[in-house]
Amino acid sequence: MAKASKYKISEHFSRRDFVCRCGKCDESIRLSLGLVGGLELLRSKARNRVNIVKGYECPESSENSSKFKRNFHTIGVAADVTVDKKDLREVFLLAEEVPEFNGVGLDLTSAHVHVDTRKDKKRSLWVVENGIHIDLTEENRLHYFPSKAN
Ligand SMILES: [Zn+2]
Ligand SMILES: [Zn+2]
């Protein structure tokens with residue numbers, strides 16, 4: 001096994017990518033290895049750099065953002081990402097191909113794709129548009145992904 005730097009957690013990601021960005025906590029993190037594995041797979045599918053916009057979020061920081069829904073960032077199983085040279089919709093479709101990702105959200109408002117490895121039986125797919133969360137269904141899918149029509 002190659003001797004990795006202590007801050008490197010996988011081939012393309014380091015601990016630094018995932019630390020809480022609130023600036024107030026001690027930057028300790030929780031991070032699921034399944035999530036990192038999924039992100040490596042996403043990177044290989046995209047053949048481009050995957051940028052972690054948000055990885056772990058400390059509980060204090062999350063209280064200020066999303067108090068009304070389950071926050072998978074605070075338990076270390078979620079990441080908000082963008083991919084170099086890829087449109088957000090393309091990133092979403094690639095993320096959907098990663099079996100580890102059981103929650104995938106296209107956030108057009110904040111301009112990122114959220115992925116997580118939640119343990120729910122049913123996979124969750126959604127779009128956030130104008131700040132509104134819309135569950136992605138067979139019916140409305142064509143509205144957001146017209147090129148996927150066949
Ligand atoms: Zn924090
Ligand atoms: Zn997220």
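Strand 2 (78-83) and strand 4 (112-116) run antiparallel to each other, paired over four bridges. When I say "pair", I mean DSSP finds at least two bridges between the strands. As an example, Ala 78 has Asp 116 in strand 4 as its bridge partner. Strand 2 also pairs with strand 1, again antiparallel and over four bridges, and there Asn 51 has Thr 82 of strand 2 as its partner.

Quick housekeeping. This is a predicted model, where local features need pLDDT of at least 70 and side-chain atom pairs count only at pLDDT 80 or more, while totals for chains, interfaces and linings use all residues. Residues are numbered from 1 along each chain as its sequence is written, and chains are lettered from A and ligands numbered from 1 in the order in which they are written.

Okay, zooming out. The chain has five helices and six strands, which are DSSP runs numbered from the N terminus (helices: H or I, at least four residues; strands: E, at least two). In order, that reads α-α-β-α-β-α-β-β-β-β-α.

Buried means 20 or more other C-beta atoms lie within 10 Å of the residue's own; 12 or fewer is exposed, in between is partly exposed, and C-beta atoms are placed from the backbone. Over the chain's 150 residues, 26% count as buried.

Now helix 2 (33-46). Its buried residues are Leu 35, Val 36, Gly 38, Leu 39 and Leu 42. They cover an arc of only 160 degrees around the axis, so they sit on the same side of helix 2; that arc is taken from the directions from the helix axis to the C-beta atoms. Why might that happen? An α-helix has 3.6 residues a turn, so residues three or four places apart point the same way. And what do those buried residues pack against? Strand 1, strand 2, helix 4 and strand 4.

That brings us to the largest nonpolar core, with 22 residues. A nonpolar core is a set of buried Ala, Val, Leu, Ile, Met, Phe, Trp, Tyr and Cys residues joined through C-beta atoms within 7 Å. Among those with the most contacts inside it are Leu 39, Val 81 and Val 115. Contact means C-beta atoms, placed from the backbone, within 7 Å. Leaving out residues up to four places away in sequence, Val 115 touches residues including Gly 38, Val 81 and Ala 95.

Note on methods. Two residues are in contact if their C-beta atoms, placed from the backbone, lie within 7 Å.
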